[in-house]
Amino acid sequence: MSILINEDTKLIVQGITGREGSYHASLMKKYGTKVVAGVTPGKGGHKIEGIPVFDSVYEAMKNTEANASILFVPPRFTKDGILEAIDAGIELVVTIAEGVPVHDMLFAHYYAQANNCILIGPNTPGIISPGKSKVGFMSDNLYKKGNVGVMSRSATLSYEIVNNLSNKGIGQSTVIGIGGDSIPGSSYIDLLPLFEKDSQTDLIVIVGEIGGSDEEIAAKYIKEHMKKPVVAFIAGDAAPEGKVMGHAGAIISPGGEGGVKNKRKILQDAGVHMIEKLSEIADMVLSIF
Amino acid sequence: MKLYEYQVKEIFFKYGIGIQEGKFAKTPQEAKQIAENIGGSVVLKSQVLVGGRGKAGGVKIVDDLSDVEKAADEILKTEIKGYKPVGILVEKKMEIKKELYLSIVFDRKMKKTVIIFSPSGGMDIEEISKSSPEKITKVYINELLGLQSFHINRLLPLVNNDKEMFSKLKKIVKALYSIYKKSDSMIVEINPLALTENGDLVALDGKMEIDNNAEYRQKSLIDTDNKNAEDPIEIIGKEAGFVVIKLKGNISIISNGAGLALSTLDLLDKYNMGVANILDLSGGATPEKVMRAIKVVIQDKDVKGILFNIFGGITRCDEIARGIAGALKSIPEDISVVCRLQGTNRDEGINILKGVNLDADTDLEETVKNIVSTMNRG
């Protein structure tokens, strides 16, 4: 089955007339994603790569059967774009931009939750269910259809993991970038139940990093509710305390909270299989199967 | 981005939160002038962005006007935890009855805004939470509701149902919440919030940190001085449009993602190699951007090697390679360069680098081993 997106996903691209928006709209279409509409205020009536453009998400919804949206809009317009999509009734919103203000995401996160919308990102490469649909900008030739679900805070580390898996013949059901920001729209805990229920997924990989408590929260859920095996990698072993390490979310507070050792221990105690190096992922997965 | 106390107090004043009479001075002479205008005993406070200035000699009470210049001069010369003060806040000394604590904070773990209040302030809130946790109240705010009266009413028992004081506190909480929201703060803190002899509540000290992602809409709050707390190379990086993190070591990591940079750092650490700095190119870097990045990191005198770790997605390896090839001549000879290219247009990238006699690996560990042996040889 895969989770979040599949052959039936009908996608709107918000910001489709921008450089990234138009480029990736065409790449997603080429991959097989049903890109049914684009939205850019003031550009309604145009066509980009054969995709009709509308002035608003409402217009796009009226004229198509869209059920998902991806935003290629700058950080300062991201909140408005997310809220517009949710308000128009979109069930899955993926937002790419890096550097969205925390207060904007704070509101968007809870507004999405209150409206039963799954919000992914910001600061994410998107989602891919290999062979079915891609909602994002990842380089799709790395991916292979299969039975491993992947969630990652870092885009580049998810490429590393997937590359290693695919090279050893291990395919993926759905790969999700949850994003590197302090307030991801959805976190591991929101997505783990979907993977647990998904008939295509047999194993889940979590690619975490220092900062925050999302891995710790996930560990508790895994211990109590997950029957499928989980493998995890946590980046940031050598990161000094108190420094923001590139991702707004990757900060380790003095005292070790959010630190790698703490996260590793808690995940391990929850029965998660830990790897120390990215290159160990495929071998670990093979040893479990 | 942290603000200085004097900047925070200017904001408090605008929002009607009581502060002492006072002014910011850059020189001992200015400090004296301000002290003279205030009259009586004054407090001189070093303006730095790190805590613990009291213990480090950054705060002085001066009763005699003739002593102000000397005391101010001493404070200006005293570095606090390695940071030079940008000036002095000169304030009227105030008699106080009691010290309280109040802050509004973004709690990342809960993903919520929280009001933290304690009737016994003055010291570090972490210390209070250790020594007497029962004296701290946290009130979480539902983001979709925003601050409501019922949130603040939960503080009533902590002031022993003192109605008069509570109404003053309520006003301050509301003002503080407005500041927190309107200035994109991660934290706004008043510690201590002083209860004066005549029953007023006054913010004796204030801390604020602005969300870096919201800097573009908070420009009026941020002075060039606020950048002093960052390492020079981080500032050079920021001005060139990059996130640079200064660390201790000799290798510069240039990568196209924060996670990738972090795991490269981890791997180098396993080989006991220190990292001088990390530069994140982010997604979609052009050759020009790569050349600009190289120009930034070679300004860090600690750098003896540059490790490129690129896993192309939205980023194209050929574009990165073109940038590296273009900037190669500008890199001093004593700095070694190793590259790892993987992902989008990898082979094109490797070929471009071959053209300038640079070998690129596709495997990260091989690349790390390569720089380790090169540097150990050098």
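I began with strand β16 (residues 336-343) of chain B, which two bridges join to β17(B), the two strands running parallel. Looking for a specific pair, I found that R340(B) has D361(B) in β17(B) as its bridge partner. I keep in mind throughout that this is a predicted model.

I then looked up the sheet around this pair, an open one of six strands in chain B with the order β12-β14-β13-β15-β16-β17 and mixed pairing. Its edge strands are β12 (243-246) and β17 (360-361) of chain B, each of which pairs on one side only.

From chain A, α5(A) lies across β13 (251-255), β15 (305-312) and β16 of chain B, and it runs at about 70° to β15(B). From chain B, α11(B) packs on the sheet and touches β15, β16 and β17 of that chain, with its direction making about 160° with that of β16(B).

I followed α11(B) to its helix neighbour: the axes of α10 (residues 317-327) and α11 (residues 346-354), both of chain B, come within 7 Å and cross at roughly 15°. Because angles under 35 degrees count as roughly parallel, I record α10(B) as roughly parallel to α11(B). The crossing in which α10(B) passes α11(B) is right-handed. On the α10(B) side I noted residues including I320(B), A321(B) and I324(B), which belong to a group that meets residues of α11(B), among them G349(B), I352(B) and L353(B). Sorting the residues of this contact by type gives seven nonpolar, one polar and four charged.

My last entry concerns another open sheet of chain B, in which four strands follow the order β2-β5-β3-β4 with antiparallel pairing. Its edge strands, β2 (22-25) and β4 (59-62) of chain B, each pair on one side only, and the twist averages 20° from one strand to the next. Within it, β3 (residues 42-46) of chain B pairs with β4(B) in the antiparallel sense over four bridges, and V42(B) has V62(B) in β4(B) as its bridge partner.

Technical notes:
Residues numbered from 1 in each chain as written. Chains lettered and ligands numbered in written order. Predicted model: local features only at pLDDT ≥ 70, side-chain atom pairs only at ≥ 80, totals over all residues. Axes fitted to C-alpha atoms, helices over the stretch in contact; angles between N-to-C directions. Parallel < 35°, antiparallel > 145°, perpendicular 65-115°, else oblique. Left-handed = near helix turned anticlockwise from the far one by under 90°. Contact = placed C-beta atoms within 7 Å. Nonpolar A, V, L, I, M, F, W, Y, C, P; charged D, E, K, R; others polar. Pairing = 2+ DSSP bridges.
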